[in-house]
Amino acid sequence: MFLATELLPVIIVPPAPGKGFVKERKTVQNSYPKMMDEKKNKYQSRRDFVRAAGKLFVAAPVLALPVILARKSSSAGFVWQIDPFKCTQCGQCKTKCVLTPSASKCTHAFPMCGYCDLCGAYLRQGVKTISTGAENQLCPTGAIKRRFVEEPYFEYTIDEKLCNGCAKCVKGCADFGNGSMYMQIRHNLCVNCNECSISRSCPSHAVIRVPANDPYIRKDKS
Amino acid sequence: MLVWHSILYAQQRFPRPEFESGYVYPANQLLNQRGPVWEYMDVAVLIGAMLATSWLALKKRSRQGLIWVSAFSLAYFGFYRQGCICSVGSVQNISLALFNDNYSMPLSALLFFMIPLLFALAFGRVFCAGVCPLGAMQELTGFKPVRIHKSVESVLAAIPFIYLGLAVLFAATESQFIICRYDPFVGIFRLDAPYTMIIFGSLLLLAGIFVNRPYCRYLCPYGVLQNIFSRFAYRHLTITPAECTNCRLCEECCPYDAIIPSDTVQVKERPEVSRKRFLLYLLMIPVMAAAGAVVLYNLAPALSTVNSNVRLAREIRLETEKGVMAISKAAVAFKESGKTENDLFIEELQITERFRKGAPWVGIFLGLSLGISLFGLTIRNVRTEYKPHQGRCFSCGKCFKYCPVEVKI
């Protein structure tokens with residue numbers, strides 16, 4: 001009851017038999033200015049006091065946030081990247097990205113490549129002839145370009161504009177070649193969602209947050 | 001470095017060719033994102049837009065101006081920045097950073113979370129009025145306001161609290177960022193999204209023509225925080241520029257039902273009855289909080305299925321115990337990875353434990369919110385003027401033109 005009287009000047013009116021509630025309330029209302037003068041109160045009413053206390057109560061945690069999170073925030077920020085050493089080439093990158101075509105594309109680490117004539121990334125399995133014929137290519141969009149370098153080596157480059165991120169070539173290269181082809185999220189395309197939608201459905205948890213100032217995990221780093 | 005080498009050479013089936021023709025490796029063009037400076041540019045634009053909205057809503061009292069700021073925010077934060085970074089989603093970054101040691105959040109996200117809340121504490125929900133691109137989009141398409149019955153309104157208004165509670169829980173347990181995933185308008189900003197989200201967003205926009213700002217009122221989790229903070233605002237938008245004459249012209253104008261009328265209805269009730277009700281509802285608050293905690297604690301195992309690792313563990317367990325083949329991509333990847341089932345089950349147990357720990361707090365939050373809002377009904381305010389409800393009012397300024405009072409300079 002004490003709390004009630006503290007909080008609510010409106011309903012603390014002593015019950016007077018036969019009198020209506022409203023009438024009583026008016027008397028309380030009229031007594032406010034007088035009370036204020038007497039006490040020289042900083043707050044106009046108890047309600048204002050509650051309001052001020054509430055203000056402090058909700059402001060405190062928000063103002064404390066930077067202090068709590070001081071250790072846990074970084075000015076540079078983070079971006080999402082595929083860890084090629086965890087990637088299992090499931091092909092989800094192609095469809096799960098919020099962008100169409102996906103921001104994740106095949107990348108070629110040339111120093112790792114064997115420059116083979118019979119390339120597991122370029123040619124479909126069991127092809128009759130090794131040629132640039134469309135029926136022989138593994139890439140569904142023809143994004144891999146094959147170029148003769150010198151006997152017996154061929155260079156394979158990826159046309160990023162055509163690559164749709166299906167990772168078929170990456171799988172081919174990992175299964176039959178040196179694994180020089182790998183998936184990377186292109187940060188000139190990526191819109192940097194708060195939670196990468198590829199990461200949400202990546203079965204091998206290969207999509208991770210990396211520092212924004214070093215946004216690529218290169219396979220040929222060494 | 002050693003690890004890198006070992007992995008690199010494990011796959012080196014074919015030796016590196018020794019070219020005789022002087023062939024050089026082509027350079028890999030891996031382009032970077034725009035620099036972090038631009039993140040702070042966004043923060044600067046945010047502060048600028050907030051100041052403009054506050055001035056237009058509270059001082060200049062210009063609905064026209066607010067619409068222009070909305071259009072700017074929609075263009076900049078919406079279509080140019082494509083909906084990321086946004087304050088609504090930053091709630092999850094805060095939660096993830098608070099409860100996980102291995103994640104440190106971008107400073108810009110922290111600022112995007114804090115600045116609108118501090119403004120709410122100073123000037124009410126000015127962020128909602130013209131800065132939030134989601135709000136701006138709905139504000140600009142709400143042509144034909146229809147008022148919703150109060151009972152329906154108050155039931156639907158409870159959804160954002162649940163949404164916020166779950167979003168914080170899911171982010172804290174590193175499970176999902178549901179606010180970003182189910183953001184209905186980000187697909188429209190990017191002109192690209194799963195078709196289900198495009199349909200959802202379009203339906204919301206269509207509904208918003210009549211039931212204005214449906215996302216803000218019935219879904220937005222950040223709106224809950226704005227609502228709470230705005231109640232304690234230092235200054236707030238007023239309907240009338242001077243003194244309310246109780247003309248009742250503004251009574252029906254607010255599409256959000258955010259105008260509290262002048263207290264002209266006189267309830268004749270015995271004081272003991274109101275006092276009793278007051279005490280009862282006060283005592284109900286802790287009871288509801290406890291009930292919420294119990295309910296959510298028991299829901300924790302069910303809620304933990306949003307975590308992909310928990311789902312995978314349950315699938316694998318089903319396979320080992322009942323012989324149902326696990327065929328999902330995650331299960332296939334798991335079998336390839338060579339991790340043991342035991343590790344996975346232990347991980348599942350840990351995650352479920354975290355849900356058990358976190359879920360009761362969500363329940364307490366929900367119970368307290370419900371209890372306090374019911375308790376608020378027992379407090380009778382003495383009001384001699386029409387004024388906006390500081391929690392519900394979006395400071396959109398639709399009511400300005402309904403007020404006949406003019407200030408002569």
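Analyst: Helices (H or I, at least four residues) and strands (E, at least two) are DSSP runs, numbered from the N terminus. This is a predicted model, in which local features need pLDDT of at least 70, side-chain atom pairs count only at pLDDT 80 or more, and totals for chains, interfaces and linings use all residues. Residues are numbered from 1 along each chain as its sequence is written, and chains are lettered from A and ligands numbered from 1 in the order in which they are written.

User: How many helices and strands does chain A have?

Analyst: Chain A has six helices and seven strands. From the N terminus, their order is α-α-α-β-β-α-β-β-β-α-β-α-β.

User: Where is Pro101(A) placed, and which residue does a cis peptide bond join to Pro101(A)?

Analyst: Pro101(A) is in the loop between α4 (92-96) and β3 (104-108) of chain A. Its cis partner is Thr100(A), with omega about -5 degrees. The peptide bond from Glu151(A) to Pro152(A) is also cis, with omega near -5 degrees; Pro152(A) lies in the loop between β4 (144-150) and β5 (153-158) of chain A.

User: How is strand pairing read, and with which strand does β2(A) pair?

Analyst: Two strands pair if DSSP finds at least two bridges between them. β2(A) (residues 78-82) pairs with β7(A) (residues 207-211) in the antiparallel sense over five bridges, and Trp80(A) stands opposite Arg209(A). Between the chains, two bridges join β1(A) (residues 73-74) to β1(B), and these strands run parallel. There, Ser73(A) stands opposite Met105(B).

User: Is Gln89(A) buried or exposed?

Analyst: A residue is buried if 20 or more other C-beta atoms lie within 10 Å of its own, exposed if 12 or fewer, and partly exposed in between, with C-beta atoms placed from the backbone. Gln89(A) is buried because 23 other C-beta atoms lie within 10 Å. This residue has a positive phi of about 55 degrees although it is not a glycine. Four of the five residues of β2(A) are buried, so this strand is largely enclosed by the rest of the structure.
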